[in-house]
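Morning, everyone. I'll take aromatic contacts, then a pocket. Here is the model.

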Amino acid sequence: MGEIMLDQTEPIIAQSLKDLKNYVALASVSAKQQAQKQTAQFIKQLLEDRLDATVQLFNDYQAPLVFAQLQPKQPSETTILIYNHYDVQPEEPLDLWQSDPFILRQTAQQLFGRGVADCKGDFISRLAALQLYYQEHHDWPCNIKFLLEGEEEIASQHLGDYLAKYHDLLAADLILWESGAKNEFEQFTIEGGNKGVLCFELTAVTADIDLHSSYAAVVDSAAWRLVEAIKSLRSVDGQIKIPGFYDEVVPPSVTEELLVQENQVPNLTNKWNLQVPLLQNKSINYNLAFAPTINIEGLSGGWQGSGVKTVTPKQAQAKLEFRLVPDQDPQVIFDKLTTYLASQGFTDIKVQYLLGEKAYRWDLQSDMAQKLITTAKQFYGDQQVAVLPSSAGTGPMHLLHYYTQADILSCGVGYSKSGPHAPNENIRLRDYLEFIEFFVDFLNKV
Ligand SMILES: [Zn+2]
């Protein structure tokens, strides 16, 4: 791409960076229920001050839901809904931050602070683009709606309840999802979905007390029971062995598969200095976009201290997760899991459901999505845009889609080293300015 026109001296951009600073300063950590009402109020004020939007705050649960609308002078048949969340991940571990996570730090090229990449910078950049558009046209290109929740980082605990009540407000043709990042090839990435998830815990209890390990001659420890149970769930190539696990899996369409094939393949082995071979029953990109997975998040049990303790532990537990794809339902998968474990003789293993979300995926073929993709390719360069039908991660897209039937796509101001959720979360000023300019271009074509 060529030179971008915007810079920090442009008054709307300069103001937006101040807004971002004030936004980052609100330590809206949902896991600690911090600053939720205050931040929702800040968002409301910002939408009113910068865009003269009509804003509603819903206070049915601990974290308010913010909804706002912009209407063009002439009625428009087109509606874009912008979804963001105003909560962030906890800042810890603090000692790994090079500066205060809640004080926006700007260097020549970067902006550091908790939430700049996920997704406070995205929200503010979208506001700035709309302001620039309005400055030029004195009108809006179509109906624009905003929806901001405050619990995305804790699995959107009340979003479903909020939407069940207020979904009439949300009718839209296209939903612009919270954030996005350039990939490691510096390609601006547009994603049309995300995977679902089912998190669960397995607990093995084999006796009232830890036994002297001489009894291992006749008694299996809880640790053995647990690893045997876990082992029964998967084969070495990653296939999940629970009968019916894949029954509801919708295979990717030809278009979706082509989108994935067109993308460059990341060298994960080099990236993380991997000491294990990759699971590759299909290709890397295919697996990342389309394959359900099972992962062991953590294991514990028995003696882990220094030296030895010849003991047969009575208890062991593990946290696991499945990443799911359309149309797998977390509750149905959970039922299949418990039935399967019982059928394999693991009736002594306690299985606990922790959290579940469904997946959402689409092929980005609608007129609006194609307009956005074409604009991105013109702006960033043909080879500098990656389009994927699904990310490998999880979010509440399926909920928004369920209530609106609208297509959803995700893109934003981050890059491959933004480190969302990590210490020194950051974005690059250039990506921020580029995104604003690109988004104005898109609004001009709506
Ligand atoms: Zn996020």
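A pair means Phe, Tyr or Trp rings (six-membered ring for Trp) with centres within 6.5 Å; planes under 30 degrees apart are stacked, over 60 edge-to-face, the rest tilted. Take F435 and F439: their ring centres are 5.8 Å apart and their planes are at 20°, so this pair is stacked.

The model is predicted: local features need pLDDT of at least 70, side-chain atom pairs count only at pLDDT 80 or more, and totals for chains, interfaces and linings use all residues. Numbering runs from 1 along each chain as its sequence is written, and side-chain values use heavy atoms, with hydrogens and water left out.

Where do F435 and F439 lie? Both are in helix α12, residues 429–445, four residues apart, about one turn. Helices here are DSSP runs of H or I, at least four residues, and strands are runs of E, at least two, numbered from the N terminus. F435 is buried, at 0% relative accessibility. F439 is buried too, at 2%. Buried is under 20% relative accessible area, exposed over 50%, partly exposed in between, with a 1.4 Å probe and protein chains only.

F435 and F439 belong to one aromatic cluster with F188, F379, Y380, F438 and F442.

Now charges over rings (Lys NZ or Arg CZ within 6 Å of the ring centre and within 35 degrees of the ring normal). R105 sits over F112, its charged end 4.3 Å from the ring centre. K282 sits over Y286, at 4.9 Å.

Last, the second largest pocket. Its lining divides into 27 nonpolar residues (Ala, Val, Leu, Ile, Met, Phe, Trp, Tyr, Cys, Pro), eight charged (Asp, Glu, Lys, Arg) and seven polar (the others, Gly among them).
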